[in-house]
Amino acid sequence: MEVKQAEELSKMLSTLDGVMKAKVILDPESGELTEVHILAYGDKNPKQIVRDIETAILTISGERIDRRIISIAQMGGEGQTEDNTAGFKVQSAGLSEDGTEIEISVGITMGISSKDSKRRGIKSFKNVLKLSAEATMEAMESVAESKLKFSLDEIREVTIEDRKFFIGIMTVISSLGMTKELVFSGKIEFNSVKDIAEAIIEKVNSSGLKF
């Protein structure tokens, strides 16, 4: 692994749930990942954080690490969601086919408000991932009355030991000027549209973004 890749990996790990800051350290000669230092909030089980770190590193870099190189320092429960942060929920999520095209529909609620979004495209699983994420973000932006702006930077499928997962990166900007780059991921199961929508919402709800 190169230094630039290590810096990018540190940024990605810093976006995981419960993590405030992450730093990975390489062996200067071999480039092997030798240490992973995590500053975390105190409201998440450290064992779960370690598992999340292992999975994220394997998914992003393809490297399987020894969990003993991960060190975690936890602070007080400042990562808990406050009343004036996002509280999105998935109301509906589905996919329909029309010849060579697919249509993704996602419904999102926040409080008493709800909004739906639909996206169409050529039928392919890559498009299912992309359109699901875009429809989710569009509905969230609408239900938040454009006080949050979303940009899908990337989403892709990853296979680990015959199990299929998705991992994506999004940029979120709040009306208060807060900007966050968030990584969302999950296992691909029966309803991949709902899986993606719930992963995005879980990440945004726990990000502490205020608007």
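Modeller: The model is predicted, so local features need pLDDT of at least 70 and side-chain atom pairs count only at pLDDT 80 or more, while totals for chains, interfaces and linings use all residues. Residues are numbered from 1 along each chain as its sequence is written, and side-chain values use heavy atoms, with hydrogens and water left out.

Colleague: Why is Thr-109 called buried?

Modeller: Buried means under 20% relative accessible area, exposed over 50% and partly exposed in between, with a 1.4 Å probe and protein chains only. Thr-109 has a relative accessible area of 16%, and is therefore buried. Thr-109 is found in strand β5; strands are DSSP runs of E with at least two residues, helices are runs of H or I with at least four, and both are numbered from the N terminus.

Colleague: Which residues are in contact with Thr-109, neighbours within four places in sequence aside?

Modeller: Contact means heavy atoms within 4.5 Å. The residues in contact with Thr-109 are Gly-87, Phe-88, Lys-89, Gln-91, Ser-114 and Val-143.

Colleague: What makes a set of residues a nonpolar core?

Modeller: Its members are buried Ala, Val, Leu, Ile, Met, Phe, Trp, Tyr and Cys residues joined through side-chain atoms within 4.5 Å. The largest such core here has 33 residues, and Phe-88, Met-170, Phe-184 and Ile-200 have the most contacts inside it. Its largest share, nine residues, comes from α3. A second, separate core of 20 residues includes Leu-13, Leu-16, Ala-40 and Ile-53.

Colleague: What makes β1 and β3 edge strands?

Modeller: The open sheet has the order β1-β2-β3, with mixed pairing. β1 and β3 (70–74) each have a single partner strand, so one side of each is left without a neighbour in the sheet. β2 and β3 pair in the parallel sense over five bridges.

Colleague: How do you know that the buried residues of α1 lie on the same side of the helix?

Modeller: They are Ala-6, Leu-9, Ser-10, Met-12 and Leu-13. They cover an arc of only 160° around the axis, which puts them on the same side of α1; the arc is that of the directions from the helix axis to the C-beta atoms. These residues pack against β1, β2, α2, β8 and β9.

Terms used
Pairing = 2+ DSSP bridges.
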